[in-house]
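Q: I'm new to this one. Can you put it up and walk me through it?

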Amino acid sequence: MNVAEHMSRVPGRAVFPTVDALQAELQELAAAYPDQVRLRRIGDSRLGEPLHAVTVGDGPADAVVIAGPHPNEPVGALTALTLIKLLCEDSKLQAEPGLRWHVVACADPDGARLNEGWYARPGDRRAYAEHFYRPDLADQVEWTFPLTTEDHRFDRPLPETRALMRLMDEVRPSLVCSLHNGEYQGAFFYLNRHDATLARRLAALPGLEGLPLHHGEPELPGAEPIVPTVYLTPPGAQVGRAFGAGGSSADYAAAFGALHLVTEVPTWADDRVADQSPTGRTYGQILAEGAAARRDLIDTIQAGMRAVAGDLSVRSPFRRSTSNTLETFRRLGELEEPMPDLARPATVAEEFGNRQMLHLMRLRLLGTFLRMLDAEIAAGNLTPAIREQRRLLTEQFETWYGRAEADPPGLPIELRKLVAVQLGAILSAAFHLAEGPA
């Protein structure tokens, strides 16, 4: 097994493909390798977009790879294309893990189309914020798998989620990989098994491409590390119950006894995400500043929403995302538990992560709010309240964008490096399964 060698074969890419360009590339791969690639329709999106899976290989076990479960995270689409091509070109790579691969290169095409305004400008923070779209948890492909617990039940899977469920029901996978990417943080991973050997292998991959590991606050509070930057996947009940959502693909994969892997790679790189040195300030001070700033953000958006609530007429995805995400942020504040050791010194990674998270939340939420207002204006709904809020919130956006630019999250990362780490993680998990129990 030489995962690093396969990572080195990842080609360079300058932009993320649009949904149409991605579908065209899948068709080209199917035409170029007709004896190896099977392209089939597994369902449809909410708006009637076809959902495709590419099947490669004929191993005795099955692997499902899910790219783009969140539409603002398109790195996985490039990883999916790369994986398919490498499997077709390298018969040894295709045979060694003993897997038949089923690759869904874009799990949410409707949402992806709403992000295409920045796909051609990876790393451009303004383009990202102005053309950003992400549905709230209960509207996400990744978080609408059926879930039943003692005190919570969710059974409203999206059409895209149902397509993934049918695929897994059909092939009963041994491995499921969900491909994600973030913004400023370093690379990290989730595994649904406490497997220290695989966790160490995963943690070593980002360094091969010069990516920092994430040593700041975990994405989900209380996430249990297996090794630093590799966490046990939290149960879906923990998230679903709190936010009215369902389970994740990890919860559904558990029914088949599958190994489930989530890879998270950053968009911008900064060594501070891994800096464990003290800042000279306490952890409690860092948390208090962040909480106050988040309350200000929520108050700003709530005031804007109240000002235009009676005038809104367009049922745009931006309106639903703004309203529901605002409620999620509010609940997050309510659910925050008292943290121990508030008087201890905060690390550089913790301070940097909290500050960058604030910039991120401000620009993403306000950018989506402005897209909601633009949809009203484009429909001819030019009421005084809508026009006034568009003006005021544009000024607020520029203020917050200026603060974010004065505190950059590092340099944009070459797309090839991000794809290489995701590819390496998939192959590491596949080869680890092939090795069998230690």
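A: Here is a short tour, from the whole chain down to single residues.

Q: What kind of model is this?
A: This is a predicted model, where local features need pLDDT of at least 70, side-chain atom pairs count only at pLDDT 80 or more, and totals for chains, interfaces and linings use all residues. Residues are numbered from 1 along each chain as its sequence is written, and side-chain values use heavy atoms, with hydrogens and water left out.

Q: How many helices and strands does the protein chain have?
A: The protein chain has 16 helices and 15 strands. Both are DSSP runs numbered from the N terminus: helices are H or I with at least four residues, strands are E with at least two.

Q: What box do the C-alpha atoms fill?
A: Roughly 60 × 55 × 45 Å, along the principal axes.

Q: How much of the chain counts as buried?
A: Of the 438 residues, 57%. Buried means under 20% relative accessible area, exposed means over 50%, and partly exposed is in between, using a 1.4 Å probe and protein chains only.

Q: What share of the contacts joins residues 24 or more positions apart?
A: Such pairs make up 83% of the contacts with a separation of 6 or more. Contact means heavy atoms within 4.5 Å.

Q: Now the inside. Which residues touch the most other members of the largest nonpolar core?
A: Leu-83, Ile-84, Trp-101, Leu-191, Leu-202 and Val-230, in a core of 71 residues. Helix α16 (residues 415-435) gives the most to this core, with 12 residues. A nonpolar core is a set of buried Ala, Val, Leu, Ile, Met, Phe, Trp, Tyr and Cys residues joined through side-chain atoms within 4.5 Å.

Q: What does Leu-83 touch?
A: Not counting residues up to four places away in sequence, Leu-83 touches Val-65, Trp-101, Val-103, Leu-423, Ile-426 and Leu-427. A second, separate core has 25 residues, including Ala-129 and Met-361.

Q: Where is Leu-423, and is it buried or exposed?
A: Leu-423 sits in helix α16. Leu-423 is buried, with a relative accessible area of 0%. Beyond its neighbours within four places, its contacts include His-6, Met-7, Val-10 and Leu-86.

Q: What about Ile-413?
A: Ile-413 is in the loop between β15 (411-412) and α16. Ile-413 counts as buried, at 11% relative accessibility.

Q: Change of topic: which residues have a positive phi without being glycine?
A: Among them are Arg-172, with phi of about 50°, and Thr-229, with phi near 75°. Most residues other than glycine have a negative phi.

Q: Where is Arg-172, and is it buried or exposed?
A: Arg-172 is in the loop between α8 (159-171) and β7 (175-181). Arg-172 is exposed, with a relative accessible area of 54%.

Q: And Thr-229, buried or exposed?
A: Thr-229 counts as buried, at 2% relative accessibility. Its place is the loop between β9 (225-227) and β10 (230-232).
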